[in-house]
Amino acid sequence: ASQRASSPPSIEDTTDVANPPTKKSKGNNETTTDDNIVTEMRLGRRAPEFLPSCSASILLEPKFRPALDNLVQLSLYDCGLSSLAGIEQHLSTNDDGDDIISRPIFPKLQQLDIGRNPKLTNDSLPSSFHTQFPSLLELWCDDCSFGPAIPETLLQLDMVHVVRMTMNKLEGQLEENIGIKYWNHVCILAM
């Protein structure tokens, strides 16, 4: 009998609010802790799942939001993304009518890989993008189209230790104050 190789589970197949994804078998693209909490999502090279919008908005649907709270690693490598709209600070109103800033979408995320998405440009990032990653230590965005300068919102990622931005459209000198005002914890900087 012939066997057919199974494709990786889709976002729809693996994420359920009532029953967060767990590591069911080898080849699953998630890593879980002992408490069955998803801490890693590798969605690399899955562009068809991000169509037609070519954005990460599918991850932000209300039914998926609880699964994002404990993510430590997220890979959106080579997903055909052209926008990261939605990954930004949102205001809501309390009962008194006062504006309240929502909590970060990815409060525990330490590693983000958005590399090899050549349609991502400086304009693809919301200005408050950095506010959604208070724990981010590693940013991988090789082979995108950021430039000619580093996007301001990426410079505002305070805690990063590793920044990889090779093969982008950066021109000229690096922004002043990298290592002092911006990215002052950086140990590895690949441009």
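**Entry: Glu49 and its partner**

I looked up Glu49, which counts as partly exposed at 23% relative accessibility. My scale is this: buried means under 20% relative accessible area, exposed means over 50%, and partly exposed lies in between, with a 1.4 Å probe and protein chains only as cover. Glu49 forms a salt bridge with Arg46, and their closest N and O atoms are 3.1 Å apart. I count a salt bridge when a side-chain nitrogen of Lys or Arg lies within 4 Å of a carboxyl oxygen of Asp or Glu. Arg46 is buried, with a relative accessible area of 6%.

**Entry: ground rules**

I am working from a predicted model, in which local features need pLDDT of at least 70 and side-chain atom pairs count only at pLDDT 80 or more, while totals for chains, interfaces and linings use all residues. I number residues from 1 along each chain as its sequence is written, and my side-chain values use heavy atoms, with hydrogens and water left out.

**Entry: more salt bridges**

How many salt bridges does a search of the whole structure find? I get five. As background, side chains of opposite charge can pair when their charged atoms come close.

I then checked Glu40, whose side chain meets that of Arg42 in a salt bridge (2.3 Å, N to O). Glu40 is buried, because its relative accessibility is 9%.

Arg45 and Asp78 form another salt bridge, and here the closest N and O atoms are 3.5 Å apart. This pair links distant parts of the chain, 33 residues apart: Arg45 is in the loop between E2 and H2, and Asp78 is in the loop between E3 and strand E4 (91–93). For these labels I use DSSP runs numbered from the N terminus, with helices (H or I) of at least four residues and strands (E) of at least two. Are Arg45 and Asp78 exposed or partly exposed? Arg45 is exposed, with a relative accessible area of 56%, whereas Asp78 is partly exposed at 24%.

**Entry: strand E2 and its neighbour**

Next I looked at E2, which spans residues 38–42. Four of its five residues are buried, so E2 is largely enclosed by the rest of the structure. Three bridges join E2 to strand E3 (residues 73–75), and the two strands run parallel. I call two strands paired if DSSP finds at least two bridges between them. Glu40 turns up again here, with Gln73 of E3 as its bridge partner.

Ile58 is buried, as its relative accessible area is 16%.

I went looking for aromatic pairs and noted two in the structure. Phe106 and Phe133 are stacked, at 5.3 Å centre to centre with 5° between the planes. Why does this pair tie together parts that are 27 residues apart in sequence? Phe106 lies in the loop between strand E5 (99–101) and strand E6 (111–113), and Phe133 in the loop between E6 and strand E7 (138–140), so the pair spans that separation. Both Phe106 and Phe133 are buried.

Phe129 and Phe133 have ring centres 4.9 Å apart and planes at 55°, so I noted that pair as tilted. My cut-offs: rings of Phe, Tyr and Trp (its six-membered ring) pair if their centres lie within 6.5 Å, and planes under 30 degrees apart count as stacked, over 60 as edge-to-face and the rest as tilted. Phe129 is buried at 1% relative accessibility, and Phe133 is buried at 4%. Phe106, Phe129 and Phe133 form one aromatic cluster.

I also looked up Ser128, in the loop between E6 and E7. Ser128 is buried, at 14% relative accessibility. Leaving out residues up to four places away in sequence, Ser128 touches Glu88, Gln89 and Thr153. Contact here means heavy atoms within 4.5 Å.

**Entry: whole chain**

I counted up the secondary structure and got three helices and nine strands. From the N terminus on, the elements run α-β-β-α-β-β-β-β-β-α-β-β. Of the 191 residues in the chain, 38% are buried. Among contacts with a separation of 6 or more, 70% join residues 24 or more positions apart.
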